[in-house]
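Good morning, colleagues. Today I would like to speak about pairing between charged side chains.

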Amino acid sequence: MSLTDKAIEQIRELIRSGALPPGAKLPPEPELAAQLGLSRNLAREAVKALSVARVLEVRRGDGTYVTSLQPSLLLEGLGGAVELLQSDKGALLDLMEVRRLLEPLATGLAAHRITDEQLVAIERHLDAMREARDDVEQLNAHDAAFHRAVVAATGNETLLTLLEGISGRTLRARIWRGQVDDRSSERTLAEHQAIFDALCTRDSALSQAAALLHVSNTEHWLRRHLQSLDLQA
């Protein structure tokens, strides 16, 4: 480990141990450096790195604070990274593979925990998708809301943030646009209906299977679509 990495680890340990809990203000730089046995430059670099990672928040004129440490904050950069990978076909397929591994399991878990109110909200998104079947932008927005509501029903914020980041707004839009052009959007809407129906039964295995079929079909469509683009090039 470099000296900067060691300095970062020391501050992380203060946070992990509870010496610097969420919302706590860090000591002034000279005091922090002395407390950790670091030079001021190393302390400054460590704070800068942890600020970039959203673990610390530098408030000008006020000081540096430990953030809420919520997964949605700490993993915020994932979505931006996914958007940057949209032009890399290999990375795109890797992301779909990760979604196929995670989303069906999340849907199965949601079946155990989902409330009647959450089912009503998911059905509302499903109805909105049908109404927007000829409007790709609206269809894409309601599709994202449908899946977010399903995963949110697990109560696992980390899982929700990961799957939202992996799905990618641009990737969803590209898939829906292609499926509308291929006239396969009706099949995809039917797959969403099957997921909703399975969730209504609170059957974990059935819900997982319905989600797996949907994500797998989407992945297969994307593979074929990318291959056809290669042939046209």
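This is a predicted model: local features need pLDDT of at least 70, side-chain atom pairs count only at pLDDT 80 or more; totals for chains, interfaces and linings use all residues.

As a starting point, side chains of opposite charge can pair when their charged atoms come close. In this model, the count of salt bridges comes to 17.

Glu 13 and Arg 16 form a salt bridge, with 3.3 Å between the closest N and O atoms. Both residues belong to helix α1, which spans residues 3-17, and they are three residues apart, about one turn of the helix. Glu 13 is partly exposed, at 41% relative accessible area, while Arg 16 is exposed, at 52%. This pair also belongs to a network of salt bridges that links Glu 9, Arg 12, Glu 13 and Arg 16.

The next pair is Lys 25 with Asp 62, whose closest N and O atoms are 3.8 Å apart.

Finally, which residue does Glu 164 meet in a salt bridge? The partner is Arg 148, at 2.8 Å from N to O. Glu 164 lies in helix α9 and Arg 148 in helix α8, so the pair ties together parts that are 16 residues apart in sequence. Glu 164 counts as partly exposed, at 38% relative accessibility, and Arg 148 is partly exposed, at 39%.

Notes
Residues are numbered from 1 along each chain as its sequence is written. Side-chain values use heavy atoms; hydrogens and water are left out. A salt bridge is a side-chain nitrogen of Lys or Arg within 4 Å of a carboxyl oxygen of Asp or Glu. Helices (H or I, at least four residues) and strands (E, at least two) are DSSP runs, numbered from the N terminus. Buried means under 20% relative accessible area, exposed over 50%, partly exposed in between (1.4 Å probe, protein chains only).
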